[in-house]
Amino acid sequence: MAEREITEWHLTYTDYDPDQQPLREALCALGNGRIVTRGAFEEQRAGGPHYPGTYLAGGYDRRETEIAGTVLENEDLVNWPNWLPLTFRPVGGDWFDLAHVEVLDFAYDLDVYRGLLERRLRFRDAEERTFSLRTRRLVHMNNPHLAAIEWRLTPHNWSGDLEIRSGIDGAVTNDNVERYRDLDGRHVDVRQTGSEGDDAVFLTCRTHQSHIRMTQAARTRVFDGDVPAPTERTREASDEQVVQRLVVPCEEQKELRVEKVVGIYTSRDFAISNSQVEARKAVRRAGSFDDLLRSHSRRWEHLWSISDIDLGEGNVETQFILRLHIFHLLQSLSPQTIGRDVGVPARGWHGEAYRGHVLWDELFIFPFINLRISELARSLLMYRYRRLPAARDLATEAGCAGAMFPWQSGSDGREESQVLHLNPRSGRWVPDNSNLQRHVNAAIAYNVWQYVQVNADWTFLAYYGAELILEIARFWASIAVFNPDRDRYEIRGVMGPDEFHTRYPDADEPGLDNNAYTNVMAAWVLRLAGRVLDRLEEKRRREILEMLEIEQAELAKWEEISRNMFVPFHGDGIISQFEGYEELQEFDWAGYRDKYDDIHRLDRILEAEDDDPNRYKASKQADVLMLFYLFSAEALSDLFEHMGYEFDPELIPRNIDYYLERTSHGSTLSRVVHSWVLARSDREAAWKLFREALHSDIEDVQGGTTPEGIHLGAMAGTVDLLQRVHTGIEPRDDVLWFDPLLPYELEDVRLRVHYRGHWLSVRVTTEELTVSFDRGGTDVVNIGFRGEVYEMRQEETRTFDLEQASASSKRT
């Protein structure tokens with residue numbers, strides 16, 4: 001276990017452990033929604049345990065590589081030039097390297113309240129010289145083009161000339177994920193280096209294929225107290241980096257302060273003509289480190305005022321990790337992201353896993369954003385809308401109608417999923433069929449409708465959201481095939497959320513028939529299309545039907561399919577994960593747990609054993625249970641009744657138990673879903689799974705995945721468990737419903753949510769629910785509690801008694 005200390009706002013590592021450094025660099029990354037830089041030490045270049053990656057939101061580039069006789073084209077989130085380099089040495093001595101000194105004292109602190117990374121150490125070098133060093137770093141949340149470092153260096157038993165080296169390193173490559181290292185990872189070419197005034201240098205680069213230009217300019221100054229120190233400067237430049245060398249006099253027991261302020265502009269920025277001009281201008285005009293810290297901290301304070309979930313006293317560890325998750329959500333997707341053409345990255349902008357692509361994880365991330373920063377949620381949905389033409393092209397290529405969104409999306413909306421995947425356990429490249437997960441389309445439609453429900457943004461629905469939902473509905477209708485023997489519609493040849501099952505045992509072709517989650521979600525979207533059209537004013541309804549060339553006969557067909565979609569069942573009311581699931585073999589869970597320390601990724605274990613997870617009733621993550629995650633028992637009963645199936649809510653716990661026993665939790669999302677669906681029926685088991693999900697990144701429970709990029713969906717899911725499931729918040733039928741039920745471990749939860757232009761302050765205790773309507777927004781908001789609807793007005797507070805009977809609430 002790493003040596004660490006946790007308070008409500010701070011994570012402090014108290015030892016230097018190279019083995020833990022990759023994890024710490026991901027967890028201590030700093031960002032502002034546009035730029036994220038990992039928490040590597042300034043003096044270290046990439047190599048060994050260190051990887052100082054810097055990533056631009058939406059900054060992708062393509063390369064081709066020949067693997068196993070196949071040319072693979074991969075689009076990667078680019079690792080951009082490293083702006084961190086800063087180190088020192090006594091003139092003529094060795095450059096500072098933490099691995100080659102005697103560490104006398106060490107602390108590495110992440111302050112999530114201020115967005116500040118600090119390091120405090122005392123060390124002795126090979127010449128018996130002792131130094132203290134305090135470093136602080138920020139990536140500015142208010143001005144997304146600025147970042148800064150401050151060093152405070154004190155020699156304790158030595159005086160003389162000190163040499164400081166500060167630069168920008170363009171000799172970077174994508175090398176963060178070991179299993180991708182056979183792929184061509186060189187994406188940037190340095191185009192120009194130079195100086196800006198007496199104290200700054202700059203570097204301009206461009207990506208190979210996407211031709212994105214980035215300029216970084218770095219201003220470095222040295223102070224003796226508050227007075228500029230006498231400094232001799234030289235500049236060095238090579239084909240791939242630019243460096244300043246500064247020589248300053250240094251006195252025993254006297255502190256030197258070094259400030260490095262960096263400006264970053266790209267060709268993707270708005271209202272500029274030249275990234276180099278803007279970056280150089282930015283560092284000329286930037287204030288001191290303390291000036292930047294004040295405005296940066298103030299912006300973080302504003303964000304926390306709307307984003308924090310306060311768990312009261314006595315839950316320090318849970319409280320901090322929850323805040324760590326919110327912190328990384330806001331660093332990946334912040335107000336600075338609004339208006340940018342970027343989606344929701346599955347692993348944040350913190351590393352190179354999934355090559356920075358956008359998957360269905362947005363389904364778990366949107367609720368936090370949607371109930372906090374509505375304009376950001378709208379902006380993220382526009383990423384999908386702008387790629388609607390590409391989704392139409394994908395559908396056409398597949399012989400379908402409407403829009404078929406890719407499983408993995410990047411810059412332009414084409415399918416970015418790999419066709420081959422390296423199993424690190426066996427060292428073999430195996431087929432990757434994950435692009436058959438068509439349920440990403442349902443996730444997009446679901447997010448659009450949730451956004452509209454929460455924000456009443458009927459203009460968005462009329463001009464963007466309706467088109468998305470209707471084209472996705474058209475796609476579902478086009479792949480639904482009528483089976484006259486069943487008198488029902490089927491969807492064949494797909495994958496569900498459980499990625500262990502990609503085909504039937506011994507089948508030549510990938511794909512499964514009638515995945516229950518996919519079929520039910522398809523029916524839901526087809527039904528939703530009619531509701532959406534009913535919400536539009538008559539003129540706009542007519543326009544969009546004409547624009548999409550949708551006739552009444554097609555709408556009638558959608559309704560017919562939604563009412564007659566096939567859902568497989570087996571046993572005593574168990575919804576089959578897919579047709580034929582019940583014929584698979586039971587898996588030897590106990591035997592494999594004895595055989596292996598970690599069986600989360602059974603697919604890799606079995607492939608290395610020349611076996612196949614497709615043979616077994618063994619799931620990577622929740623699949624059928626996703627239905628209970630997305631819909632209340634009432635909503636699900638209504639949907640199944642619409643499809644012509646009897647659905648007894650009493651079957652829900654039976655299905656939960658059945659699949660929980662057959663799931664390895666190979667995805668960090670899995671425990672979030674299982675905790676959610678158990679929250680009302682088995683609070684102890686739900687809390688245990690919540691805690692496991694909460695710790696999955698900070699402990700890197702999957703053994704090396706977090707250093708490749710934090711799991712943003714799982715982080716958001718744990719936040720959402722507190723935000724929605726334990727408060728019972730559900731936007732439905734123009735009412736914000738509440739049905740609280742806290743875990744036994746919590747007694748007081750406070751948060752704020754934004755609903756239809758209003759800020760509502762919510763407090764849940766074991767005895768009461770209190771909702772306060774803050775000033776602002778329109779005059780009235782409707783909230784619901786236990787079947788009753790109440791009108792609330794500005795500056796009004798309502799308190800509701802919570803009875804023990806809430807434990808038997810129908811909400812799942």
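Predicted model: local features only at pLDDT ≥ 70, side-chain atom pairs only at ≥ 80, totals over all residues.

Mentor: Once residues up to four places away in sequence are set aside, Ile 561 touches Ala 477, Ala 480, Tyr 489 and Leu 526. Trp 476 stands 85 residues from Ile 561 in sequence, while the C-alpha atoms of the two are 9.2 Å apart in space.

Turning to another buried residue, Asn 176 has 10% relative accessibility and counts as buried; it lies in the loop that runs between strand E13 (160-169) and strand E14 (188-196). The side chain of Asn 176 reaches the backbone oxygen of Pro 707 at 3.4 Å, and, leaving aside neighbours within four places in sequence, the residues in contact with Asn 176 include Arg 38, Tyr 51, Tyr 55, Glu 352 and Glu 708.

There is also the second largest pocket to consider, which holds about 560 Å³ of space. Its lining is made up of 25 residues, and those nearest the centre are Arg 531, Phe 631, Ala 635, Glu 730 and Arg 732. At least two lining residues come from each of helix H8 (440-455), helix H10 (516-535), helix H15 (626-630), helix H16 (633-642) and strand E27 (730-732). Sorted by class, the lining of this pocket has twelve nonpolar, four polar and nine charged residues.

Technical notes. Residues numbered from 1 in each chain as written. Heavy atoms only, no water. Helix = DSSP H or I, 4+ residues; strand = E, 2+ residues; numbered from the N terminus. Buried < 20%, exposed > 50% of the residue type's maximum accessible area, 1.4 Å probe, protein only. Polar contact = N/O pair within 3.5 Å; in protein donor to acceptor, adjacent residues only side chain to side chain. Contact = heavy atoms within 4.5 Å. 1 Å grid on protein atoms, 1.4 Å probe; cavity = no way out; pocket = protein on both sides within 12 Å on 5 of 7 lines; lining within 4 Å. Points joined across faces, edges and corners; volume = space filled by probe spheres on them. Nonpolar A, V, L, I, M, F, W, Y, C, P; charged D, E, K, R; others polar.
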